Amino acid sequence: MALRPIIGGALAALLVPAAALASLVATGALAPAPALAGGLPIALAAFGFAALRNREFGRLAALARSAADGGGPERGGEQPGGRAAEPWSGGATEVARAIERLARVAAAGSDNTGRRRRADEMVVERLPDPVIVLGPDRTALTSNAAARTAYGADIHAVLRHPDLRAAADRACSSRSAQIADLRLPVPVMRDVRATVIPMDGTLGAGGQAVVVLSDRTRERAVERMRADFVANASHELRTPLASLIGFIDTLRGPAASDPEAQERFLGIMAEQAARMNRLIDDLLSLSRVELTEHESPSGRIDLAALLPRIADSFEPQLRERDMTLALDVPNLPPITGDADQIAQVMQNLLDNAIKYGRSGGVVRLSASAEAGDLRLPTRPGVVVRVADDGQGIAREHIPRLTERFYRVDKGRSRSVGGTGLGLAIVRHIVNRHRGQMVIDSTEGAGTIVSVWLPEAPKHGMSAPEQMRGSAASA
Ligand SMILES: Nc1ncnc2c1ncn2[C@@H]1O[C@H](COP(=O)(O)OP(=O)(O)OP(=O)(O)O)[C@@H](O)[C@H]1O
Ligand SMILES: [Mg+2]
């Protein structure tokens with residue numbers, strides 16, 4: 001125990017009684033001997049009081065230190081060893097209670113801060129968009145799970161992109177969020193929008209900014225497709241329109257008095273007008289099919305009855321090309337579908353087989369409840385095949401045939417009245433029916449298009465239910 005504070009405290013306590021005794025002795029009111037005899041117990045009491053107070057101060061200091069270190073107050077009057085805590089004396093009790101209360105409030109506060117920080121980290125970690133926290137040197141301090149999955153080891157390469165670095169500089173100097181649209185070539189070409197948000201070093205261990213990366217590859221592709229579509233559609237309409245305008249001028253001018261030329265030109269004009277009409281019909285049907293693509297059809301179709309009817313309607317075109325149609329359609333289970341749309345699929349496929357098949361050749365239309373093809377679903381359904389023995393399609397074109405306006409030989413297709421939308425419409429209808437289409441072709445030998453469509457549900461189950469069930473088992 002340190003003696004100096006005790007002696008100091010005792011001397012301070014003795015100051016007043018010692019002065020009083022001294023003045024009594026000085027004035028002769030009290031003899032020195034009794035004054036000494038009376039002063040001794042007072043001095044002893046002062047020393048005792050000072051020692052006690054000094055000990056309480058020591059304990060209070062220890063309590064405050066432990067609270068400051070986060071040790072918290074001794075709970076339930078117990079000391080760490082399980083011994084009962086010694087009671088406080090006098091005014092120290094109040095001070096000790098206040099320190100204990102302060103310690104409890106501080107401990108609860110730091111608990112909350114820790115919990116909040118962990119929650120913040122969890123939110124960032126689980127955000128569906130890739131998030132990267134930048135340190136003072138603009139390198140990655142941390143990144144969340146989505147960023148690690150999407151970019152892996154390429155995160156550092158992404159951060160080195162000059163446009164992203166410039167956006168980070170702007171964000172830190174202007175203290176406001178900045179956007180950079182990036183094109184990332186590796187590992188696959190991606191369009192990414194990076195938003196850099198300045199954080200004033202408050203995030204993680206000194207995070208200066210947060211980079212949120214949103215993948216816009218699909219959106220960009222859709223935007224490009226729409227722009228291409230509008231350009232293609234207007235181009236396809238402009239060609240016959242320009243020809244019509246030209247012929248009208250000729251009929252009014254040079255051919256005004258030439259009945260033979262008029263007859264010929266009117267024939268071409270009728271053809272061009274019919275072509276524009278077809279194109280507009282195809283565009284409308286494409287947009288109708290696209291609109292309903294997400295609704296499952298609910299009708300029941302008997303293909304064994306529908307296919308021969310459609311085949312009959314092609315009689316004039318077949319005759320024109322000196323072709324024959326071989327029909328092989330046995331009894332079939334009903335399929336789920338929209339009869340008008342399924343008829344449109346079959347018409348487009350037969351139209352292609354006749355247009356691009358061999359003049360004088362054979363077109364085969366067959367259907368079967370057995371797919372017999374590993375590329376088609378194995379669940380109950382019907383596969384319809386349209387085959388021709390024409391010039392076929394080179395392998396590199398096959399994957400692109402269902403793109404809008406895609407034609408292998410533009411000149412040939414146009415000369416036979418094609419707009420390049422037929423197979424795009426077929427694909428959308430087949431998708432809507434949760435079906436599948438496969439195109440096989442051998443150059444010089446011919447083309448076979450197979451379309452698989454799901455069988456209609458047995459009674460007691462709705463079509464959408466069966467479709468969901470079959471999709472789940474696929
Ligand atoms: N049976 C086939 N044999 C050879 N080529 C084909 C056959 N079917 C389609 N093609 C090729 O695929 C292209 C796209 O066919 P699609 O049916 O989409 O358009 P189209 O026949 O040109 O025009 P539309 O069908 O709109 O009148 C055709 O232009 C043609 O080049
Ligand atoms: Mg076609």
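Biologist: Which helices each supply at least two residues of the shell around ligand 1?

Modeller: Helix 11 (339-356) and helix 13 (422-432) each do that. Helices here are DSSP runs of H or I with at least four residues, strands are E runs of at least two, and both are numbered from the N terminus.

Biologist: Before we go on, what kind of model is this, and how are things numbered?

Modeller: It's a predicted model, where local features need pLDDT of at least 70, side-chain atom pairs count only at pLDDT 80 or more, and totals for chains, interfaces and linings use all residues. Residues are numbered from 1 along each chain as its sequence is written, while chains are lettered from A and ligands numbered from 1 in the order in which they are written.

Biologist: Back to the ligand. How many residues surround ligand 1, and which are the closest?

Modeller: There are 22 around ligand 1, and the closest are R407, V408, G418, G422 and L423. A residue makes the list if its C-beta atom, placed from the backbone, lies within 6 Å of the ligand.

Biologist: Which helix gives the most to that shell?

Modeller: Helix 11, with four residues.

Biologist: And what is the shell like by class?

Modeller: Nine nonpolar, nine polar and four charged residues. Ala, Val, Leu, Ile, Met, Phe, Trp, Tyr, Cys and Pro count as nonpolar, Asp, Glu, Lys and Arg as charged, and the others, Gly among them, as polar.

Biologist: Zooming out, how many helices and strands does the chain have?

Modeller: 14 helices and 12 strands. The chain's radius of gyration is 46 Å, well over the 23 Å that the globule rule gives for 474 residues, so the chain is more spread out than a compact globule. That radius is taken over C-alpha atoms, and the rule is 2.2 Å times the number of residues to the power 0.38.

Biologist: What does the C-alpha trace span along its principal axes?

Modeller: About 160 × 65 × 35 Å.

Biologist: How is the chain divided into domains?

Modeller: Domain 1 is 3-73 + 87-105, domain 2 is 127-215, domain 3 is 220-292 and domain 4 is 300-473. Those bounds come from an automatic or database domain assignment. The C-alpha centres of domain 1 and domain 3 lie 110 Å apart.

Biologist: How much of the chain counts as buried?

Modeller: 23% of the 474 residues. Buried means 20 or more other C-beta atoms within 10 Å of the residue's own, exposed means 12 or fewer, and partly exposed is in between, with C-beta atoms placed from the backbone.

Biologist: Let's look at helix 3. What should it span, and how far apart are its ends?

Modeller: Helix 3 (residues 92-126) has 35 residues, which at 1.5 Å a residue should span 51 Å, and its end C-alpha atoms are 51 Å apart, so that agrees. The expected span is 1.5 Å times one less than the number of residues.

Biologist: Which residues of helix 3 are buried?

Modeller: A96, A103 and V124. With three buried out of 35, helix 3 lies largely in the open. The cover over those buried residues includes helix 2 (32-68) and strand 1 (131-134).

Biologist: And which are buried in helix 2?

Modeller: A46, A50, L63 and A67. As for length, the 37 residues of helix 2 should span 54 Å, and the end C-alpha atoms are 52 Å apart, which agrees.

Biologist: New topic: what is phi for R175 and R434?

Modeller: Phi of R175 is near 55°, a positive value in a residue other than glycine, and phi of R434 is near 55° too. Most residues other than glycine have a negative phi.

Biologist: Where is R175, and is it buried or exposed?

Modeller: R175 sits in the loop between helix 6 (162-174) and strand 3 (178-184). It counts as exposed, with 8 C-beta neighbours inside 10 Å.

Biologist: What about R434, buried or exposed?

Modeller: R434 is buried, with 20 other C-beta atoms within 10 Å. Its place is the loop between helix 13 and strand 11 (436-442). H433 is in that loop between helix 13 and strand 11 as well, and H433 is buried with 25 other C-beta atoms within 10 Å.

Biologist: Leaving aside neighbours within four places in sequence, what is H433 in contact with?

Modeller: P297, G337 and L453. Contact means the two C-beta atoms, placed from the backbone, lie within 7 Å.
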